[in-house]
Amino acid sequence: MANKVFCPKLLKNLGFHVRRLNSAPSPLSAVPPLNFTGDFNAVEPAQQINTTLHHHHDHHNIINFDDVKELFYGVPTTKLIRSSMTLQMAAIDPMVDLGMWVMNSKLMEMPIFREVILGFVKNTFYEHFCAGKDLTEARRTVTNLSDSGLKAMLDYGVEHATDNESCEQSTAAFIQTIESTKSLPESSASFVVAKITAICTPRLLKRMSDLLRWEQKDPSFNLPWKRESLPLFAESSPVYHTCSKPEPLSVEEERDLQLAHERLRKICEKCLEHEVPLLIDAEDTTIQPAIDYFAYSAAIKYHKDDQPLIFGTIQAYLKDAKERMVIAKKAAEKMGVPMGFKLVRGAYMCSEKELASTLGFNSPIHDSIEQTHACFNSCAEFMIEEIANGSGAVVLATHNIESGKLAATKAIDLGIKDERQNLQFAQLYGMADGLSFGLRNAGFQVSKYLPFGPVEQIMHYLMRRAEENRGMLSTSAFDRQLMRKELSRRFEVATS
């Protein structure tokens, strides 16, 4: 890659935008959990997990962050400069607060002000965190990722439908996204992402979740609309959301549910046709049981031989995460159904704690970030061992360097590093590039979660992600540290 010459004054002034190298936190404390979510040892001591995971290899040496030239090969200098500055802005809490306030204010009703704000967002956060306004622009981003050795998870940024018409529009957009993969570089798209809230209204998902929770409380409770599925709850799963016996679904609600199943059927069949897996995102626990129900019932019906087509999402910040995942995985194995999971930490911490507190219950979230890390690592270890035994698939979606190293070490020790269909890592586009490139260089398949769509539509999505992940954004110092180190190296080469 040619080294571009850039303005020395700009490099000198980067100190105002990027934390200085010797003052940045260590990698392990700097990179936080994703969104960017018991017995069964759901929360094992971190030390015990670490001992298991680096039995044969020193996990600290698996991913090399020292050679920044190799780490950022293929990344243009201008992109490094823009990325470091954008990440610095996104790490400032008042920026997020101001953005949320502006987005919800009446100022956005003023055409001139709205145009200015949209222009600012498009040229900063949107261009950094999103792939473009449509499939044409997204295709260029996917190609660039492919050229740098990364794959793309295509996520059309639509969610929270309000009626059947908007559900149908979302379904058409998902199908168009799936069809677009045939025009992309070969194997450049690892997944198409779908949100069940976009094809079934959150109101109906809440009704279904209440009924499913009541069935968990009272197994004799009859749900005539329920299809074959995997277990949705563990003994430790919270069911406090449903305080009294809910009314059965009305005729109209059952009809809407069948329409939602039909939409998911069309999406799954299109994924099978184009040989691209479907990743179903998670939501908060109020509606997650219904989302798992859709994911699991579809996984039973749609798969390609022994390879899963559907990947559900497990949020490791929930206390019941490991237990639920193990129960679902073992049930799928018993049925002969290949099941895939995306493992994340979780994004709804504030709302989950607030709801539980309001209802007089303990939070379903782990009491400390260390417990969440331990749960994620334990879930990852379980799935890696399952894959080594020839069963299941997992996407480890993490921005945490220690989790990445531990999982990579475990995979190498068990000889499954090349199981690219079954073991993958993922990070958000525009985030944790150091970890993405480091895992790529270590020989693993790595994808970037790639949202795309019109600026106005995606802007709300961006602000929600910023609000949910402000802890992750504020601790992106390690990435900025690596970028600044590589920029300094390139400047020295260019001026020598």
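The entries below are in the order in which I made them.

**Ground rules.** I am working from a predicted model, in which local features need pLDDT of at least 70 and side-chain atom pairs count only at pLDDT 80 or more, while totals for chains, interfaces and linings use all residues. Residues are numbered from 1 along each chain as its sequence is written, and side-chain values use heavy atoms, with hydrogens and water left out.

**Whole chain.** I found 20 helices and ten strands; these are DSSP runs numbered from the N terminus, helices being H or I of at least four residues and strands E of at least two. Of the 496 residues, 59% count as buried, that is, under 20% relative accessible area with a 1.4 Å probe, protein chains only. The accessible surface is about 21,000 Å², by the Shrake-Rupley method with a 1.4 Å probe. Carbon and sulfur atoms hold 53% of that surface.

**Barrel.** I traced eight strands that close into a barrel with parallel pairing, in the order E1-E2-E3-E6-E7-E8-E9-E10. Pairing here requires at least two DSSP bridges between two strands. The twist from one strand to the next averages 30°.

**Strand E1.** I looked up both neighbours of E1. With E10 it pairs in the parallel sense over six bridges, and Asp155 stands opposite Pro451. With E2 the parallel pairing has four bridges, and Leu154 stands opposite Val192. Lys151, Met153 and Asp155 point one way from E1, and Ala152, Leu154 and Tyr156 point the other way. Six of the six residues are buried, so E1 is largely enclosed by the rest of the structure.

**E8 and E9.** I noted four parallel bridges between E8 (residues 393-397) and E9 (residues 423-428). Ala397 has Ala426 in E9 as its bridge partner.

**Helix H9.** I checked what H9 (residues 164-180) touches on the sheet and found E1, E2 and E10, a contact being heavy atoms within 4.5 Å. The direction of H9 makes about 160° with that of E1; axes are lines fitted to C-alpha atoms, for helices over the stretch in contact, and angles run from 0 to 180 degrees between N-to-C directions.

How do H9 and H11 pack? I read an angle of about 5° and axes 9 Å apart, with H11 covering residues 251-274. The two helices are therefore roughly parallel, the term for angles under 35 degrees. Residues of H9 in this contact include Phe174, Ile175 and Ile178, and those of H11 include Leu259, Arg263 and Ile267. By class, I have seven nonpolar, three polar and seven charged residues; Ala, Val, Leu, Ile, Met, Phe, Trp, Tyr, Cys and Pro count as nonpolar, Asp, Glu, Lys and Arg as charged, and the others, Gly among them, as polar.

Notes: Angles under 35 degrees count as roughly parallel, over 145 as roughly antiparallel, 65 to 115 as roughly perpendicular and the rest as oblique. Buried means under 20% relative accessible area, exposed over 50%, partly exposed in between (1.4 Å probe, protein chains only).
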